[in-house]
Amino acid sequence: MLVLLIIIAFFVIITVAKGIIVVRQAEVIIVERLGRFHKVCNSGLHIVIPILDKCREFSWRFNKQDYKGNKYVQTTTAIRMDLRETVYDFPSQKVITADNVNIEINAVIYFQVTDAFKAVYEIHNLPEAIEKLTQTSLRNVVGELELDKTLTSRDKINSRLQDILDDATEKWGVKVNRVELQDITPPNEIRVAMEKQMRAERDKRAKILEAEGTKQSDILEAEGYRNAQITRAEGEAQSKLLVAEAEAEAIRKIQSALRETKMDPAEYQIALKYIAAFSELTQKGDKTVVLPYESSALLGSVKTLKEIFK
């Protein structure tokens, strides 16, 4: 009897121990009773009936791709469902753009389970379902855009994919938080053509900038030359004006000085010019000097000047 009691006590302890479930934070466990859904155990301590109740086991398969491009399947089997945000980087896929260019796109999805019941009972394999839905949605979105728009509209594509996936996965108890396009790889010949186009655009911009620089330099040089000419002309005009004013002042003084001699100032100026001309002629060494007839009249003016300066 003692041995029997010990055996019974041992089985009771094991049964009670199996009936106690401790669920960690950010995890849930689905409990089924006799094959039917019974309850969802959130974080904390829970007691179940070992024989009648059983934790539901679920199996998720993830399609993966290594750094060499080899694809493989990763299977995860567990009874505890993680409620934290999950990052799913599924293999790249081929998509055709609106201008019939075949490109490869690699996307990353950030999703979070919000309802464990729906994630287990509403869909067979949640990661694969999200992947297929993303692939079809991505084909539809990119198929409406040309290659150039696809390469420059990542944010727009990400936003549209998130809206589509979030709306479709709501019945699966999943919240899609973000969708990011990692790589967009066009065919090799398209990349070569794009590189040539970019090089041509850079050369074009360089030539345009060089032409604009030369044009601006010519404009500045012309403006500088024009300003220099204007400044020189203004200087010459000012110089002539000053000379004229000086000559006018000299004439006024001569006229004032000759007022008592009753000599015409004009004759005085002409006499000075003749004296200067004679001086130049004698310096040249000419033996014969031809004088105009009117020069005899000026000799009197010269004599008058001699009398004045005495």
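Q: Which residue in strand 4 is the bridge partner of Ile-20?
A: Ile-47 is the strand 4 bridge partner of Ile-20. Strands here are DSSP E runs of at least two residues and helices are H or I runs of at least four, numbered from the N terminus. This is a predicted model, in which local features need pLDDT of at least 70 and side-chain atom pairs count only at pLDDT 80 or more, while totals for chains, interfaces and linings use all residues. Residues are numbered from 1 along each chain as its sequence is written, and side-chain values use heavy atoms, with hydrogens and water left out.

Q: How many bridges join strand 1 to strand 4?
A: There are 4, and strand 1 and strand 4 (residues 44-47) run antiparallel. Two strands count as paired if DSSP finds at least two bridges between them.

Q: Which residues of strand 1 are on the covered face?
A: Ile-21 and Val-23 are, whereas Ile-20 and Val-22 form the uncovered face. In a regular strand the side chains alternate between the two faces of the sheet.

Q: Asp-53 is in strand 5. Why does Asp-53 count as buried?
A: Because its relative accessibility is 5%. Its side chain makes a polar contact with the side chain of Arg-33 at 2.5 Å. A polar contact is a pair of N or O atoms within 3.5 Å; within protein, one must be able to donate a hydrogen and the other to accept it, and residues adjacent in sequence count only if both atoms are side-chain atoms.

Q: What else does Asp-53 touch?
A: Leaving out residues up to four places away in sequence, its contacts include Val-31, His-38 and Val-48. Contact means heavy atoms within 4.5 Å.

Q: Switching topic: how many residues are in the largest nonpolar core?
A: The largest core has 38 residues, and Met-81 and Leu-126 have the most contacts inside it. The largest share, 7 residues, comes from helix 3. A second, separate core of 6 residues includes Ile-21, Ile-29, Val-31 and Val-48. A nonpolar core is a set of buried Ala, Val, Leu, Ile, Met, Phe, Trp, Tyr and Cys residues joined through side-chain atoms within 4.5 Å.

Q: What does Leu-126 touch?
A: Beyond residues up to four places away in sequence, Leu-126 touches Trp-60, Phe-111, Val-113, Ala-119, Trp-172 and Val-174.

Q: Last one, helix 5. Which of its residues are buried?
A: Ile-157, Asn-158, Leu-161 and Leu-165 are buried. They are on the same side of helix 5 because they cover an arc of only 95 degrees around the axis, taken from the directions from the helix axis to the C-beta atoms. Asp-155, Asp-163 and Asp-167, on the other side, are exposed.

Notes. Buried means under 20% relative accessible area, exposed over 50%, partly exposed in between (1.4 Å probe, protein chains only).
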